[in-house]
Amino acid sequence: KKEEEDLEDKKSIKKRIKELKVLDPKIAQNLSIFLGSFRMPYYEIRRMIVEVDEDQLTEPMIQNLVKHLPEQDQLNALAKYENEYANLSEPEQFGVVMSSVKRLRPRLSHILFRVQFEEQVNNLRPDIMAVNAACDEVRKSHAFGQLLELVLLLGNYMNAGSRNAQSYGFDLSSLCKLKDTKSADQKTTLLHFLAQVCEEDIPNVMKFIDDLAHVDRASRVSAENLEKSLRQMERQLQQLERDLETFASLDDPNDMFLTKMAI
């Protein structure tokens with residue numbers, strides 16, 4: 001009889017848990033798997049987030065928190081069951097604990113940005129330095145400047161009598177057309193002729209290749225991707241600045257977000 005009563009009690013508890021269920025079953029399952037991989041008290045995870053404990057808040061952990069964290073409205077709903085904590089499933093217990101953290105999702109996003117910041121800078125720095133170095137080399141190379149003068153001279157000579165005669169400059173994209181301009185017999189190009197003139201009469205111009213050591217590396221940099229990454233980082237920094245003003249009004253003495261993120 002006692003065993004039957006215990007079984008009925010367990011069924012009753014299970015029923016109450018089901019009635020208190022707030023999370024979607026799939027979300028709860030994924031969250032449960034995530035929590036099982038860390039095996040630490042939920043209040044300890046909360047402390048790590050509130051205190052911005054970078055020694056324990058690893059990048060994968062923050063990414064998974066952001067990925068599996070219930071939406072704010074679900075956290076708000078779970079907060080109402082704080083007094084019935086023991087009867088909730090583990091994922092919902094975690095939600096109750098996390099519901100007391102102000103602006104949890106943006107907080108985690110900013111912490112993740114801080115953790116990833118150095119790596120992002122290190123990934124972008126070589127491309128930026130290569131492009132800057134290549135630009136300096138192109139601008140300062142005397143031999144390359146002479147080469148451009150020769151190209152302009154050839155262009156003006158060939159365009160004599162036309163509306164493009166005696167031009168003071170040309171678009172750099174025109175350099176790509178040197179190999180497309182061919183002789184009458186189609187056996188040589190203007191680029192071949194220019195190279196021959198330089199080799200025979202102005203050999204110093206051929207040294208321009210030595211002046212442009214970083215150009216090849218810089219040519220492989222995607223300006224579009226680089227600009228996109230820099231803009232993304234800029235937006236994240238601006239959002240952090242705005243949120244820091246909001247976090248400044250928090251009165252939790254253990255909340256280290258403002259102190260650590262403002263550095």
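This is a predicted model: local features need pLDDT of at least 70, side-chain atom pairs count only at pLDDT 80 or more; totals for chains, interfaces and linings use all residues.
## Helices α8 and α9

Helix α8 spans residues 142–158, and helix α9 spans residues 190–201. Their axes come within 11 Å. They cross at roughly 125°. That angle makes α8 oblique to α9. The crossing is right-handed.

Which residues make the contact between α8 and α9? From α8 come Leu147, Leu150, Val151, Leu154 and Met158. From α9 come Leu190, Phe193, Leu194 and Cys198. By class, the contact of α8 with α9 has nine nonpolar residues. It has no polar and no charged residues.

## Helices α2 and α4

Helix α2 covers residues 25–36, and helix α4 covers residues 59–68. The two pack at an angle of about 165°. Their axes are 10 Å apart. Angles over 145 degrees count as roughly antiparallel, so α2 and α4 are roughly antiparallel to each other. Their crossing is left-handed.

On the α2 side, the contact uses Ile27, Asn30, Leu31 and Phe34. On the α4 side, Met61, Asn64, Leu65 and His68 meet them. The contact of α2 with α4 divides into five nonpolar and three polar residues, with no charged ones.

## Helix α3: Arg46 and Val50

Helix α3 runs over residues 42–50 and holds Arg46. Is Arg46 buried or exposed? Arg46 is buried, with a relative accessible area of 18%. The cut-off for buried is under 20%. Leaving out residues up to four places away in sequence, Arg46 touches Val97, Met98, Ser100, Val101 and Asp252.

Val50 also lies in α3. Its relative accessible area is 4%, so Val50 is buried. Beyond four places in sequence, Val50 touches Val101, Arg107, Asp252, Asn254, Asp255, Met256 and Phe257. Asn254 is 204 residues from Val50 in sequence. In space, the two are 6.9 Å apart, C-alpha to C-alpha.

## Helix α6: Gln93

Gln93 belongs to helix α6, residues 90–98. At 13% relative accessibility, Gln93 is buried. What lies 3.3 Å from a polar atom of the Gln93 side chain? The backbone oxygen of Leu88 does.

Setting aside neighbours within four places in sequence, Gln93 is in contact with Tyr42, Tyr85, Ala86 and Leu88. Leu88 therefore takes part in a polar contact with Gln93.

## Two loop residues with positive phi

Val52 sits in the loop between α3 and α4. Its phi is near 50°. That is a positive value in a residue other than glycine. Val52 is buried, with a relative accessible area of 0%.

Arg103 is placed in the loop between α6 and α7, where α7 covers 104–140. Phi of Arg103 is near 45°. This value too is positive, in a residue other than glycine. How accessible is Arg103, and what does it count as? At 37% relative accessibility, Arg103 counts as partly exposed. Val52, by contrast, is buried.

Conventions. Residues are numbered from 1 along each chain as its sequence is written. Side-chain values use heavy atoms; hydrogens and water are left out. Helices (H or I, at least four residues) and strands (E, at least two) are DSSP runs, numbered from the N terminus. Buried means under 20% relative accessible area, exposed over 50%, partly exposed in between (1.4 Å probe, protein chains only). Contact means heavy atoms within 4.5 Å. Axes are lines fitted to C-alpha atoms, for helices over the stretch in contact, and angles run from 0 to 180 degrees between N-to-C directions. Angles under 35 degrees count as roughly parallel, over 145 as roughly antiparallel, 65 to 115 as roughly perpendicular and the rest as oblique. A crossing is left-handed if the near helix is turned anticlockwise from the far one by less than a right angle, and right-handed if clockwise. Ala, Val, Leu, Ile, Met, Phe, Trp, Tyr, Cys and Pro count as nonpolar, Asp, Glu, Lys and Arg as charged, and the others, Gly among them, as polar. A polar contact is a pair of N or O atoms within 3.5 Å; within protein, one must be able to donate a hydrogen and the other to accept it, and residues adjacent in sequence count only if both atoms are side-chain atoms.
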